[in-house]
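Please keep the sequence and the three-dimensional view at hand while reading.

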Amino acid sequence: MEGFHPYMRAATNAILYLLRTGSPWRYLPCDGFSPRSTVYNIFRKFQREGVWEAIWAELHMALRERMEREASPSAAVLGSRSVKSAEKGAANTMRWVTTPTRR
């Protein structure tokens with residue numbers, strides 16, 4: 001991570017710490033990390049700008065290459081049955097939520 005600004009490194013380490021431990025934001029230790037609000041703002045900025053998706057895509061391609069496969073998959077399989085059942089379930093759930101209760 002050459003050229004990585006020190007506060008960005010501390011914020012990234014804090015985000016990785018939170019992901020690894022499952023700890024809530026409010027329990028982020030003060031020592032060794034940037035302030036909680038700074039870490040959260042950087043996390044959200046990365047979300048908005050698609051940084052996390054870009055990192056995931058790069059790691060995914062590297063893994064596929066390591067497995068001696070094409071970097072990008074050439075095909076995908078979708079099951080129409082699962083899509084239909086999800087649509088039907090969503091419609092039933094929506095009706096249930098919006099139906100007024102009887103007294």
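## Helix H1

In this predicted model, the buried residues of helix H1 are Met8, Ala10, Ala11, Thr12, Ala14, Ile15 and Leu18. These buried residues of H1 pack against H2 and H3.

Helix H1 itself has 16 residues. From its first C-alpha to its last, H1 reaches 22 Å, close to the 22 Å expected at 1.5 Å a residue. Just after H1 comes Gly22, which takes a positive phi of about 75 degrees.

## Helix H2

Helix H2 covers residues 36–49 and has 14 residues. Its reach from first C-alpha to last is 20 Å, close to the 20 Å expected at 1.5 Å a residue. The buried residues of H2 are Val39, Ile42, Phe43 and Phe46. Seen down the axis of H2, these buried residues fall within an arc of 100 degrees, so they line one face of the helix.

What covers the buried residues of H2 includes helix H1 (6–21) and helix H3 (51–66). Just after H2, Gly50 has a positive phi of about 75 degrees.

## Helix H3

With 16 residues, helix H3 reaches 23 Å from its first C-alpha to its last, close to the 22 Å expected at 1.5 Å a residue. H3 is followed by Glu68, and the phi of Glu68 is positive, near 60 degrees.

Ala62 has its place in helix H3. The relative accessibility of Ala62 is 42%, so Ala62 counts as partly exposed, since values between 20% and 50% fall in that class. Ala62 and Ser72 are ten residues apart along the chain, and their C-alpha atoms are separated by 9.7 Å.

## Ser34 in the loop between H1 and H2

Ser34 is found in the loop between H1 and H2. Is Ser34 buried or exposed? Its relative accessibility is 11%, so Ser34 counts as buried, the cut-off for this class being under 20%.

Leaving aside residues up to four places away in sequence, Ser34 touches Tyr7, Ala10, Ala11, Leu28 and Val39. Among these, Ala10 and Ala11 are also buried residues of H1, while Val39 is a buried residue of H2. Ser34 and Ala11 are 23 residues apart along the chain, and their C-alpha atoms are separated by 5.6 Å.

## Aromatic residues

A search of the whole structure finds five aromatic pairs. One of them is formed by Trp25 and Tyr40. This pair is edge-to-face, with 5.2 Å centre to centre and 90 degrees between the planes. Trp25 lies in the loop between H1 and H2 and Tyr40 in helix H2, so the pair ties together parts that are 15 residues apart in sequence.

How accessible are the two partners? Trp25 counts as partly exposed because its relative accessibility is 27%. Tyr40 is also partly exposed, with a relative accessible area of 37%. Trp25 and Tyr40 belong to one aromatic cluster together with Phe43, Phe46 and Trp52.

## The chain as a whole

The chain contains four helices and zero strands. Read along the sequence, its pattern is α-α-α-α. The chain has 103 residues, of which 16% count as buried.

The accessible surface of the chain comes to about 9100 Å², and 57% of that surface belongs to carbon and sulfur atoms. Among the contacts in the chain with a separation of 6 or more, 26% are between residues 24 or more positions apart.

Methods:
Residues are numbered from 1 along each chain as its sequence is written. This is a predicted model: local features need pLDDT of at least 70, side-chain atom pairs count only at pLDDT 80 or more; totals for chains, interfaces and linings use all residues. Side-chain values use heavy atoms; hydrogens and water are left out. Helices (H or I, at least four residues) and strands (E, at least two) are DSSP runs, numbered from the N terminus. The expected span of a helix is 1.5 Å times one less than its number of residues. Buried means under 20% relative accessible area, exposed over 50%, partly exposed in between (1.4 Å probe, protein chains only). The arc is that of the directions from the helix axis to the C-beta atoms. Contact means heavy atoms within 4.5 Å. Accessible areas come from the Shrake-Rupley method with a 1.4 Å probe; for residues, only the protein chains shown count as cover. Rings of Phe, Tyr and Trp (its six-membered ring) pair if their centres lie within 6.5 Å; planes under 30 degrees apart count as stacked, over 60 as edge-to-face and the rest as tilted.
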